[in-house]
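Let's take a friendly walk through a protein model together.

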Amino acid sequence: MYESLRGGTAILTRAPEDDASLASLLRDMGVVVIEMPCVRVEPLGDVSPLASAMAALTEGDWLVVTSRPGADAVARAGRPRSRVAAIGASTAARLHDHGIAVAFMPSVASGEQLARELPLTDRALLARSDRALPDLPAILRERGFSVREVVAYRTVARASGDVAGARVALASARPVAIFCASPSAVEALCAAIDPALLARATYYVSGPTTQRAVRERVGETVRIAPMEEVMHVAHR
């Protein structure tokens, strides 16, 4: 899918460990890779609200975890006695690393799919980012769940890494692709780099919410393509 990037530059906006496979693939194709993480996760100093909410669940309820940072927060808060749902394989693996069994994963790693497929019960507790997307709880409530959302970690939209290199690449004549997995990443991009430069790039995005953010903040006519095999991101 990324054959058109040969001879060009790719700006990756997730944490290096999250983009390691993509970076390796692109470099093997001769693409110049610039690492510019645009989202930082900050653990909470106090996980007692999450611990209390988890303790109130019964064995038949669901604790829904939508990211690896969420899995880390759950592990800090205590051992769940409810069933645990993970949004995808990477989140499930992190929960497993903490010794927490996963009882459910959706067929596709997305908040919408999880909400539509989660086996119905009375209550669901969502351990989420402070910038969590609204689709998951909304659909669960439509299906009849009593939903409680608890902030498990904070998401900070701020560009770091090789910002200067990204600016130089965007100002050059070489084709540039920018990979974005969340509206938060788009927000950080626009705060760090002139939108006129950003409008020159092709964007590979993870879903309709991120695509809409690119159109709104960078420009309606910007070139956008879907991102392959991206880790689900459940924050704005």
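In this predicted model, the largest nonpolar core is made of 26 residues. Those with the most contacts inside this core are Ile11, Met36, Leu170, Ile178, Leu189, Leu198 and Tyr203. At least two core residues come from each of α7 (163-171), β8 (176-180), α8 (183-192), β9 (202-205) and α10 (208-217). Helix α8 gives the most, with six residues. In soluble globular proteins, nonpolar side chains tend to be buried together.

Which residues does Leu170 contact, leaving aside its neighbours within four places in sequence? They are Ile11, Val176, Ile178, Ile193, Leu197, Leu198, Arg200 and Ala201. Apart from this core lies another one, of 21 residues, including Met54, Val65, Val74 and Val84.

Strand β1 (residues 9-12) and strand β2 (residues 32-35) pair in the parallel sense, over four bridges. To get from β1 to β2, the chain passes through helix α1 (residues 20-28), and this β-α-β crossover is right-handed.

Now turn to helix α6 (residues 135-143), whose buried residues are Leu136, Pro137, Ile139 and Leu140. They are on the same side of α6, because they cover an arc of only 165 degrees around the axis. An α-helix has 3.6 residues a turn, so residues three or four places apart point the same way. The buried residues of α6 pack against β4 (62-65), α5 (111-117), β6 (123-129) and β7 (146-157). After α6 comes Gly144, with a positive phi near 110 degrees.

Finally, let's look at charged side chains. Side chains of opposite charge can pair when their charged atoms come close. How many salt bridges does the structure hold? There are 12 salt bridges. In one of them, Arg68 pairs with Asp18, and their closest N and O atoms are 1.8 Å apart. Arg68 lies in helix α3 (residues 68-77) and Asp18 in the loop between β1 and α1, so this pair ties together parts that are 50 residues apart in sequence. Another salt bridge joins Arg94 and Asp72 (2.8 Å, N to O). Because Arg94 is in helix α4 (residues 89-97) and Asp72 in helix α3, the pair ties together parts that are 22 residues apart in sequence.

Conventions. Residues are numbered from 1 along each chain as its sequence is written. This is a predicted model: local features need pLDDT of at least 70, side-chain atom pairs count only at pLDDT 80 or more; totals for chains, interfaces and linings use all residues. Side-chain values use heavy atoms; hydrogens and water are left out. A nonpolar core is a set of buried Ala, Val, Leu, Ile, Met, Phe, Trp, Tyr and Cys residues joined through side-chain atoms within 4.5 Å. Buried means under 20% relative accessible area, exposed over 50%, partly exposed in between (1.4 Å probe, protein chains only). Contact means heavy atoms within 4.5 Å. Two strands pair if DSSP finds at least two bridges between them. A crossover is right-handed if, with the strands pointing away from the viewer, the path from the first strand over the helix to the second runs clockwise. The arc is that of the directions from the helix axis to the C-beta atoms. A salt bridge is a side-chain nitrogen of Lys or Arg within 4 Å of a carboxyl oxygen of Asp or Glu.
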